[in-house]
Structure formats: C-alpha cells, structure tokens
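Me: I would like to go through this structure with you. Could you take my questions one at a time?

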Amino acid sequence: MSPAGLRASASAPAKTNLALHVGDPTPDGYHPLETLFIAVDVRETVTASINTHVARRGSGVMVTVSPAPGSEYAEMIQSGTARLSDIPLDDSNLAVRAALAVSEAHGDNPGIELRIDKAVPVAGGMGGGSADAAAALVAVDALLAKHLDQPRLGRHRLMNIGSTLGADVPFMILGGLAEGRGKGDDLRTVETDDQLHLVFVPQDQGLATPAVFRQWDHAHRVHTAHRSQRAPDPLNPALVRAAAIGDAPGVATWVRNDLQSPALELLPELAALLNHGVDLGALAGWVSGSGPTVCFLAESAEAAEDLVNGLRREHRHAFSTTGPVVGAQLIPEWGTI
Ligand code: ATP
C-alpha cells in the first residue's frame, strides 16, 4: 500500500453530565469542577488519511465536515436549523489541533487529511468538538504509527495530549461513566452494569460555554481574583450509585447541573421545555453541560421513543440514545491498516 493510500477511522461519543458542580474560578480563570460524565451513543467519526499534497499547504492538516447520514444533526442541517459553516475548517478546529499534536508527538507530519462525519449538534453542551478531537487523536495515532513504522502513542498518552486541547477531551477517549475533577480531566471510571435511556432536544441556537460561565460568575458575584475561593460541592454518592446500576428514578432524584441556571438566564425559553418534557413523561430533564441542548431521562427504551415522538409531533428536533458507551475507538473495517 502506498503511503497516500493509508487511512484510519475512529469514532468517539458525545456526553452529558449527570452532575456538574462548579466552584469559584482560580486566578487563571478556570472553574474547578466536580462532574459525573456519561458517554452517550451518538458518535462522531473521524477518518484520517495521508495526503502528501496537504503537507505543502498551511499547517499540513486539512479537514472537511459532513453531516453523518441518518443523524439528527443531518436533519437539522437539512431543515436549516443548523449550519455547517458554524464549524471552523482552519487550525482552530479541534480535530486539526489534535492531528497536529499527535504528529508532533510522532516527530513527523507527512500531510494529513481529516474527514469528520458529524452527528453531534454544534455548541450544544454535548462536547461534539471534544469528541472530534478524541476520535482524531486515536485515528491519527494509528495512521502515523503505521506510516512511520513506530509504536502507537497509546490511550494514556493520548489522554494527556487531549487534556491540552480541551477539558472534556480525555473523557471522550475514556468513555463510560466517570467522575471528573479539576477542569474535568482528572478522571475516575465508575464501573456500571446497566444503561440509562436518554432523549436529547437540540436547540436552533448554540450557547458559547465561556458566556455561560461568565453568567455563573455574575450570579455568584465573582468580580475579583482576591476573594476566598469556594470549592465545588463534592459529588453525591447516591447519584453515582444510581447511575452505576442504571437506576433511572434514582438518577432523576439526584441529577444536578450548576450551569443550568445561568443557561436559563441566557435562554429563558428552555425552562418551559424542561417542564414540558416532564409533562410528556420524562423522569427528569436538565440542560446538557453548558447547554442549550436539553436532556431528558426516560424510564425505558419505549418511554424514550414515546417522548421523542411527542416532541417531534410539536416539530422539535429530538432523538433518543443510551449511555454509558465506550470511548474513542478505532473502526477496523473502515481502515486499510
Ligand atoms: P462543550 O460542551 O465541550 O463546551 P459544546 O458541545 O457546547 O462543547 P462544540 O460543538 O464542541 O460545543 O463546539 C463549540 C465551538 O467550538 C463551536 O462553536 C466551534 O466554533 C468550535 N469548534 C472547534 N472545533 C470544532 C469541531 N470539530 N466541531 C464543532 N465545533 C468546533
């Protein structure tokens, strides 16, 4: 196989946070978190290939993005409620940054072309960009290891590189159910033996994560760097236990997102949607991460489908999924290596 024919594909999951506890920012501006991540079965796919023509252009990495066929995101693009142009195609794309970081660690960039098949709504609080970075890290590592005849960097090293790209990236590599501390990248896996059924309702407009944190700061009167810093509340062990055994009513009782109030202050119409989903049968609803995607918890797969159908009848975008699922993974049948 000539180098120009080499390619590798990897997928990575989206996430929501069953708990997201926020503390006062440290002097470098980061908010310490205590969070319970759950990886959900909506996956981004990144295919990386060697393209020596790309080596001579710009940074040596180029990216294209397509909506993943059959995904809710593809329907959003088709109906005009989402725009592909919201995704940067330059070196600020997280998948490009991931490819550059991996090629630096391998010591060579022969020219890398990336294709993202996107299923996760953009700027929705589901970590789609982080999933792209995680999938790109895994795919480009496999690609360059083969091309350069070197060992792969491996999962641990990729998680460390991922933490330099974004706080959620290491979790997208790890997957499953995990407690996250610090910026969210100090992770501890929680073993699980059952699944939760979730319904996501993406919104027409995105919310920028920094704007939601600024709103949180405003509500908590964080104005100076010299005040005493309040740590995030510790995770609730009852929630962690309930999530581990797939106890949906237990999770519904204890789920908590400190970024929900600031997100609702920025987009007040989300409050009515949260109540409405519960009226339609959800056990609980919350804003996913920094929003504005809303996540509902259903009692069963059937209940999740009923909820999706009810929301779609009202002409909303909605889809059901399950979690926890595995983190970033190579897709062997797609690759030529
Ligand atoms: P998080 O919850 O991790 O803050 P999010 O799910 O709210 O993220 P993303 O979809 O990851 O939001 O995108 C946030 C912003 O990042 C986008 O508005 C876009 O400008 C930029 N971005 C960079 N790379 C990507 C990518 N590969 N896919 C989507 N957005 C990207």
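Reply: The questions and answers below concern the structure shown above.

Me: What kind of model is this, and how are residues numbered?

Reply: This is a predicted model, in which local features need pLDDT of at least 70, side-chain atom pairs count only at pLDDT 80 or more, and totals for chains, interfaces and linings use all residues. Residues are numbered from 1 along each chain as its sequence is written.

Me: What is the average pLDDT of the protein?

Reply: The protein averages a pLDDT of 94, and 96% of the residues score at least 70. Here pLDDT is the predictor's confidence in each residue, from 0 to 100. The model scores ipTM 0.95 and pTM 0.95.

Me: How many helices and strands does the protein have?

Reply: There are 12 helices and 12 strands in the protein. Both are DSSP runs numbered from the N terminus, with helices (H or I) of at least four residues and strands (E) of at least two.

Me: How does the radius of gyration compare with the globule rule?

Reply: The radius of gyration is 20 Å, close to the 20 Å that the globule rule gives for 337 residues, so the protein is as compact as a globular protein of that length. The radius is taken over C-alpha atoms, and the rule is 2.2 Å times the number of residues to the power 0.38. Along the principal axes, the C-alpha atoms fill a box of roughly 60 × 50 × 40 Å.

Me: What share of the residues is buried?

Reply: Buried residues make up 50% of the 337 residues. A residue is buried if 20 or more other C-beta atoms, placed from the backbone, lie within 10 Å of its own, exposed if 12 or fewer, and partly exposed in between.

Me: Turning to the ligand, which residues are the closest?

Reply: The closest are L94, G128, G129, D132 and T209, among 22 residues that surround the ligand. A residue counts as near if its C-beta atom, placed from the backbone, lies within 6 Å.

Me: Which elements give two or more residues to that shell?

Reply: They are helix 3 (94–106) and helix 4 (128–148). Helix 4 gives the most, with 4 residues.

Me: How does the shell divide by residue type?

Reply: The shell holds 7 nonpolar, 12 polar and 3 charged residues. Ala, Val, Leu, Ile, Met, Phe, Trp, Tyr, Cys and Pro count as nonpolar, Asp, Glu, Lys and Arg as charged, and the others, Gly among them, as polar.

Me: Where are there cis peptide bonds?

Reply: One joins G291 and P292, with omega about 5°. P292 is in the loop between strand 9 (284–287) and strand 10 (294–298). Another cis bond joins G323 and P324, again with omega about 5°, and P324 lies in the loop between strand 11 (319–323) and strand 12 (329–330).

Me: And which residues have a positive phi although they are not glycine?

Reply: A123 has a phi of about 55°, and H315 has one of about 65°. A123 lies in the loop between strand 4 and helix 4, whereas H315 is in the loop between helix 12 (301–313) and strand 11.

Me: Are those two, A123 and H315, buried or exposed?

Reply: A123 is buried because 21 other C-beta atoms lie within 10 Å. H315 counts as exposed, since it has 7 C-beta neighbours inside 10 Å.
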